[in-house]
Amino acid sequence: MDLASFDIFKGIAAKMAWLTQRQNVIAQNIANADTPDYQAKDLKPLDFKSTLEASLKPTTTNPLHLAGTHGEGDARVVKEDKPYEVTPSGNTVSIEEQMQKASQTGIDYQMITTLYQKNIGLIKTALDRGGSN
């Protein structure tokens, strides 16, 4: 069974990839906290709801069905973060802010991992009950 064929797992994988990439950007910001003129960066927020809606959109089976609309866009574009403070050397990295973002990203990753595990559990339950008849 290929889990990538399930739309929910495509959405979860997209969120996990975004969180991993965001953690890398945050680590890069922290590593450059003393670099003159370094501008803190962050990723454009990933809208998990619209990601799931795009992957779970219904298929039209009749020409009279309405197709609906879904916005398209790249959620992984790196953007410069709006600085809370700027050092005299022009650096905009705030260690406290970056640590807060790293912590929140870790919590979000843990939540999405739990969601993944729960969906695997549902599939296992469905397979076990289906085979016992």
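Buried means under 20% relative accessible area, exposed means over 50%, and partly exposed lies in between (1.4 Å probe, protein chains only). By that rule, 29% of the 133 residues of the chain count as buried.

This is a predicted model: local features need pLDDT of at least 70, side-chain atom pairs count only at pLDDT 80 or more, and totals for chains, interfaces and linings use all residues. Residues are numbered from 1 along each chain as its sequence is written, and side-chain values use heavy atoms, leaving out hydrogens and water.

**Whole chain**

Show the cartoon. It has 3 helices and 2 strands. Helices (H or I, at least four residues) and strands (E, at least two) are DSSP runs, numbered from the N terminus. Along the sequence they follow α-β-α-β-α.

**The core**

Select Phe9, Ile12, Met16, Trp18, Leu19, Val25, Leu43, Leu46, Ile112, Ile120 and Ile123. These 11 residues make up the largest nonpolar core. Such a core is a set of buried Ala, Val, Leu, Ile, Met, Phe, Trp, Tyr and Cys residues joined through side-chain atoms within 4.5 Å. H1 and helix H3 (95-131) each give two or more residues to this core. H1 supplies the largest share, 6 residues.

**Salt bridges**

The whole structure holds 4 salt bridges. Each is a side-chain nitrogen of Lys or Arg within 4 Å of a carboxyl oxygen of Asp or Glu.

Pick Asp42 and Arg22. Their side chains meet in a salt bridge at 2.9 Å, N to O. This pair links distant parts of the chain, with Asp42 in strand E1 and Arg22 in helix H1, 20 residues apart.

Asp42 counts as buried because its relative accessibility is 6%. Lys101 is buried too, at 12%.

Which residues form the network of salt bridges? Arg22, Asp42, Glu97 and Lys101 are linked in it.

**Thr105**

Move along helix H3 to Thr105. Its relative accessibility is 2%, so Thr105 counts as buried. The Thr105 side chain reaches the backbone oxygen of Lys101 at 2.7 Å. Leaving aside neighbours within four places in sequence, Thr105 is in contact (heavy atoms within 4.5 Å) with Leu19, Arg22, Gln23 and Ile26.

**Pro36**

Finish at the loop between helix H1 (7-31) and strand E1 (41-43), where Pro36 lies. Is Pro36 buried or exposed? Pro36 counts as exposed because its relative accessibility is 53%. Now select Ser89. Pro36 and Ser89 are 53 residues apart in sequence, yet 5.0 Å apart in space, C-alpha to C-alpha.

Methods: A polar contact is a pair of N or O atoms within 3.5 Å; within protein, one must be able to donate a hydrogen and the other to accept it, and residues adjacent in sequence count only if both atoms are side-chain atoms.
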